[in-house]
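Please open the structure in the viewer and keep the selection tool at hand.

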Amino acid sequence: AITVITTLLYAWTSDTVFRGERWPPIVFSGLMNIVVYSSLSVWNIPLGWKFACYLLAGFGAGISGLLFAWAHEVCADDNEERAVVTGTMNEMAYVVQAWLPLLIWQQVEAPRYPKGFPTMVGIAVLLITTSFLIRHLHHGERVRKTLTVAHTA
């Protein structure tokens, strides 16, 4: 239920509050994952916070639709690029989801998951870093495109 609600909130806020910017909800989701999974990695935390962390973990799962929307927008001017980028994103998601859970979420390590929680922190840091990199590169591309159009006019 939390994932469904946050998916809708991420989509709504990125279209309204953030005026079409996709990166703020993505970064928020990553920050939530860092807080949640860092707390669970420590493990010796109050029981109420531990319970809240398991619930708040749903904040990170609803971001994939926004990632794909952003990819379509970044590659809007080139159909072939968009097909390769979104196809690669989809395939890499399947590849990682096929083997990573077998390594980091092993039942015999439950409920502490000494590999799972820290790995999720690392993935969240990578998500945030990549989001800022894409934002920077896309902004530079838009500026160059604007200057090229202005120069040729």
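Predicted model: local features only at pLDDT ≥ 70, side-chain atom pairs only at ≥ 80, totals over all residues.

Within helix 6, now select the buried residues, which are G116, F117, M120, V121, A124, I128, S131, H138 and G140. Display their surroundings as well: these residues pack against helix 2, helix 3, helix 4 (64-74) and helix 5 (79-104).

Next, centre the view on H138, which belongs to helix 6. Is H138 buried or exposed? Its relative accessible area is 14%, and because this value is under 20%, H138 counts as buried. Apart from neighbours within four places in sequence, H138 contacts E73 and V74.

Finally, select helix 2 (residues 23-42) together with helix 3 (residues 47-56). Two packed helices are described by the angle between their axes and the distance between the axes. For helix 2 and helix 3, the angle is about 140° and the axes are 9 Å apart; the two helices are therefore oblique to each other. Their crossing is left-handed. To see the contact itself, highlight M32, V35, V36, S39 and L40 on helix 2, and W49, K50, C53, Y54 and L56 on helix 3. Colouring this contact by class shows 8 nonpolar, 1 polar and 1 charged residues.

Technical notes. Residues numbered from 1 in each chain as written. Heavy atoms only, no water. Axes fitted to C-alpha atoms, helices over the stretch in contact; angles between N-to-C directions. Helix = DSSP H or I, 4+ residues; strand = E, 2+ residues; numbered from the N terminus. Parallel < 35°, antiparallel > 145°, perpendicular 65-115°, else oblique. Left-handed = near helix turned anticlockwise from the far one by under 90°. Contact = heavy atoms within 4.5 Å. Nonpolar A, V, L, I, M, F, W, Y, C, P; charged D, E, K, R; others polar. Buried < 20%, exposed > 50% of the residue type's maximum accessible area, 1.4 Å probe, protein only.
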